[in-house]
Amino acid sequence: MGTTHCCKVDRVRATHGLSPPARFEGDLDSYLVARWTGEGETDSAGLRTLSEWFNKQVLKAIYRDHGRSDSSVRLDSDYEVLQGNDIPDHKRAELRSELADDGIDSETTTKQFIGKSTLSRHLKDCLDTTKDSSSAETEWEIDRVRVATNTYRSHLESALQSLGNKGRISDVDGAQLQVQSYLSCPECPTRVTVEQAYEQGYVCADHRDD
């Protein structure tokens, strides 16, 4: 008899053997609960932030299984192309073709991604977790970062398309545009995206201010 999973979150977790960050002592469910509720020293995170983190862990596991680079920059960029709004069709098609060359079915991959409602049901119904409304955070700051990044991407793509049409940059339409904001550690070469720093709560594990 096959193993019974409580929901999609549990099934996908088991399929890919997903686990929490190494710094966290506990299993994935404990991590999701701690991040959502803000238990202990963990900052409270919203459902969208957590579902995106979960989905990128799925993407990372699939990339590793197929020998594809799973750097944070690659994951952020590819996830945005697969799931983001206002992504040109040719950009998404190019990535899907690139994934197919690596033996990855993009449609099968994205079907394993979860949404906010799916994660909410897992936390509330499967794990019987509640979140104190007094501890809820608006997370407007990270939303503003995402809006600014997407706005910058849109303006840059428009300008690049114009340069391509004028023949100033050849083959610009086929190039992959990567737009990310990074934070660098002042003590060492460590460099992470703003969203990664937000998710983990620090820029550099070795030089963070506790």
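Student: How is the lining of the second largest pocket split by class?

Tutor: In this predicted model, that lining has nine nonpolar, ten polar and ten charged residues.

Student: What makes a residue charged rather than polar here?
Tutor: Asp, Glu, Lys and Arg count as charged, and Gly goes with the polar ones.

Student: How big is the second largest pocket, and which residues are closest to its centre?
Tutor: Its volume is about 620 Å³. Out of 29 lining residues, Trp53, Gln57, Lys60, Gln196 and Glu199 sit closest to the centre. Lys60 and Glu199 are on that list, so they are charged by the rule, while Trp53 is nonpolar.

Student: What makes these 29 count as lining residues?
Tutor: Each needs an atom within 4 Å of a pocket point, so that cut-off decides who's in.

Student: Which helices supply at least two residues of that lining?
Tutor: Helix 3, helix 4 and helix 9 do. Helix 3 gives the largest share, eight residues.

Student: And what volume does the largest pocket have?
Tutor: About 760 Å³. It has 32 lining residues, and Glu52, Glu80, Gly84, Arg146 and Asn150 are the closest to its centre. Two or more lining residues come from each of helix 3 (47–65), helix 4 (72–83), helix 8 (140–165) and helix 9 (194–200).

Student: How does the lining of the largest pocket divide by class?
Tutor: Into seven nonpolar, 13 polar and twelve charged residues. Glu52, Glu80 and Arg146 are among those closest to the centre, and Glu and Arg are charged types, so these three belong to the charged class.

Note on methods: Residues are numbered from 1 along each chain as its sequence is written. This is a predicted model: local features need pLDDT of at least 70, side-chain atom pairs count only at pLDDT 80 or more; totals for chains, interfaces and linings use all residues. Side-chain values use heavy atoms; hydrogens and water are left out. On a 1 Å grid over the protein atoms alone, a cavity is a set of points where a 1.4 Å probe fits but cannot get out, and a pocket is an open set with protein on both sides within 12 Å along at least five of seven lines; lining residues have an atom within 4 Å of a point. Grid points are joined across faces, edges and corners, and a volume is the space filled by probe spheres set on the points. Helices (H or I, at least four residues) and strands (E, at least two) are DSSP runs, numbered from the N terminus.
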